[in-house]
Structures are given as structure tokens and as C-alpha cells.
Amino acid sequence: MESSRVPWRARAGADGGTVGWQFQQPGLAPRAVPFGLVAVVATVSVLVPGGDVRSWVEYAASAALLLACAGAFLLPWQRLPAWAPVLVPLLYAGSVLELMLASGTASGVGLVALAPLIWSVLYHRRWESACVVVAVVSVQAVTSLAQAVPGAVIARRVVLWSALSAMIAVAAHGLRDRIQASLVANAALQAEVRQLSLARERERIAADLRESVVRKIFDAGLDLHGTATMIGEGPARRRLLHGVAELDEVIRALRESVFDLGRDTDAAVGTSEEPEPHEH
């Protein structure tokens, strides 16, 4: 979905149409609140019960990066470059890195590194998700190096986190593509149904006019014409014949302006027999 626009949730900018739509209304709370809660819980959890913080400097850096992510929702995204939104999940990943360095892998906050990846695959473009995959794998590599774990363990972590992150990114973007294709197909089907309904309605209107309105006008004209032949020459006869002529003009106008509605819908009106104007 690199260039297509996602119809659901009015995501006009889901794939680059509007810069920073992820951090703006509408639908901001359902997008941001779950990720914000996870980040806050992870940050606070290392303080209780006894506290796992080993470096308050790195803990403060983690909190600062987290606040920078929150501040992104206040930025004037319309005036920022198109690549700017990727910085937010990268800052999120940096916050997780600092938190892990401050508390250690034994604190259990390492899984939070998946949060920026999940955010990016849901709301960003593929290349942005690729950047976040690299950032998540880097987080695992840096924390492993900081703990001086064996090289084989570092390699294993890098391989497994790379595979896991890539799998999540590919699967999520593939699902978004299928949803987008389904929505586009559904919209096309709905448009076709609307066109068909409109065509049938136009044909029905034309048929109703022919079978009822025009027929009644035609019959009324015949009655008036018959009445005119029953009276002698004079003003009354001339007025009746003038009325008959006016009714003939009404029938012609209906043919030209209304019956053409059915011309593109199986030519129902054009192929049916219609009353001819009276001959006098």
C-alpha cells in the first residue's frame, strides 16, 4: 500500500497522502492510547516494588524520549517533510533501549521493543516499518553488548529478533493490502449496484410514464377530438382542437425529455410502442 489511500477510518494519509495523519484526529485516541499505556506501564514497572533501576541517567533519557513521542502529537505535521513521521516510532524504540539499559534484560521490559514495530506496521509505510525493524534489532544487539553476553548469544538474538520483526512487518502489511483490495472491490461493486439501481429506476419511471401518464393524455386528447367533431364550426370547436394540439405537444415533449432516460437501460422505452399524436 505504498501509494494507495486507505478508505477505512478515513485514512487518507495511511500511505503518504497526509503527513503525520497518525498523530492527528480523527480516531487519535484508539490509535495512541494503547501504545501510550504500554509505554507508561513499562516505565513505571521498573520502579516497583523494590526497583530495578541501575542507572538513573539512562532512565531519565528513556522518560525524555517517551515525552518526545508524546509531544509529536502537537507538531504541525502539515509543514513537516513526508519522512518525518518515522522519527516517532524510532524515538519510541530509543526509549525502550534506554529503559532496558537502565534496568537490564532481567527486568522483563524487552518485549516492549515490539510496540513501535506494531505501531509502524499498522499506520506507516513499508519503508518506515523496515526502518523500525532495524531499530528493534539494534535495541536487542546494543543491550546484549552492554551486558557482555557471549557472541553466540548476541548472534542468536539478532537472528531471532530479525526474523520475528520481519515476519510481523510482512504479515501486517500483506493484511493491509488485502483489506485495501477488498475495500476497493467492495466500493466498485457498490458503485455498480448503484448504477444498476439507477438504470432500473429510470427505466421504471419511463415505463410508468408511458403506461399511465402518456396513455391518459392520449385518451383525453381522443375524447376532446371526438367531442370537437360532434359540434359545428365555431369558437368552441376551435378551442377544443387547440387543446388537442396542446396535448399532442405535451406527448412529444415527454418523449424527447423523459423517455430518453431509458435509452441507456436496454432501450426499454425506445423499443416499445407508444401512442402517436392525433392526426386532424
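Visitor: Start with the second largest cavity. How do its lining residues divide into nonpolar, polar and charged?

Guide: Keep in mind that this is a predicted model. The lining of that cavity has six nonpolar residues, three polar ones and no charged ones.

Visitor: Which residues are they?

Guide: Ala39, Ala42, Thr43, Ser62, Tyr92, Ser95, Val96, Leu99 and Val112 line the second largest cavity. Two elements, α1 (28–45) and α3 (87–103), each give two or more residues to that lining. The top contributor is α3, with four residues.

Visitor: What's the volume of that second largest cavity?

Guide: About 40 Å³. The model has two cavities of 30 Å³ or more.

Visitor: OK, pockets now. What volume does the largest one have?

Guide: The largest pocket comes to about 330 Å³. Its lining is made of 17 residues, and those nearest the centre are Phe35, Gly36, Cys69, Ala70 and Phe73.

Visitor: And which elements give two or more residues to that lining?

Guide: For the largest pocket those are α1, α2 (56–71) and α3. Here α1 gives the most, with seven residues.

Visitor: What classes of residue does the pocket lining have?

Guide: It has 15 nonpolar residues, two polar and no charged.

Visitor: Let's switch to rings. How many aromatic pairs are there?

Guide: Seven in the structure. Take Trp21 and Tyr123: their ring centres are 6.0 Å apart and the planes sit at 85 degrees, so this pair counts as edge-to-face.

Visitor: Why does the Trp21 and Tyr123 pair tie together parts that are apart in sequence?

Guide: Trp21 is in the segment before α1, while Tyr123 belongs to helix α4 (residues 114–123), so the pair joins parts 102 residues apart in sequence.

Visitor: Are those two buried or exposed?

Guide: Trp21 is buried at 7% relative accessible area. Tyr123 is buried as well, with 8% relative accessibility. The cut-off for buried is under 20%, so both values qualify.

Visitor: Which aromatic pair does Tyr123 form with Trp119, edge-to-face or stacked?

Guide: Trp119 and Tyr123 are edge-to-face, with 4.9 Å from centre to centre and 65 degrees between the planes. Both residues are in helix α4, four residues apart, which is about one turn of the helix. Residues three or four places apart in an α-helix point the same way, because there are 3.6 residues a turn. Trp119 is buried too, at 6% relative accessible area.

Visitor: Last topic, α5. How many residues does the helix have, and how far does it reach?

Guide: Helix α5 (residues 126–146) has 21 residues and reaches 30 Å from its first C-alpha to its last, close to the 30 Å expected at 1.5 Å a residue.

Visitor: Which residues of α5 are buried?

Guide: They include Glu128, Ser129, Val132, Val133, Val136, Gln140 and Thr143.

Visitor: And what happens just after α5?

Guide: Ala148 is there, taking a positive phi of about 55 degrees.

Key. Residues are numbered from 1 along each chain as its sequence is written. This is a predicted model: local features need pLDDT of at least 70, side-chain atom pairs count only at pLDDT 80 or more; totals for chains, interfaces and linings use all residues. Side-chain values use heavy atoms; hydrogens and water are left out. On a 1 Å grid over the protein atoms alone, a cavity is a set of points where a 1.4 Å probe fits but cannot get out, and a pocket is an open set with protein on both sides within 12 Å along at least five of seven lines; lining residues have an atom within 4 Å of a point. Grid points are joined across faces, edges and corners, and a volume is the space filled by probe spheres set on the points. Ala, Val, Leu, Ile, Met, Phe, Trp, Tyr, Cys and Pro count as nonpolar, Asp, Glu, Lys and Arg as charged, and the others, Gly among them, as polar. Rings of Phe, Tyr and Trp (its six-membered ring) pair if their centres lie within 6.5 Å; planes under 30 degrees apart count as stacked, over 60 as edge-to-face and the rest as tilted. Buried means under 20% relative accessible area, exposed over 50%, partly exposed in between (1.4 Å probe, protein chains only). The expected span of a helix is 1.5 Å times one less than its number of residues.
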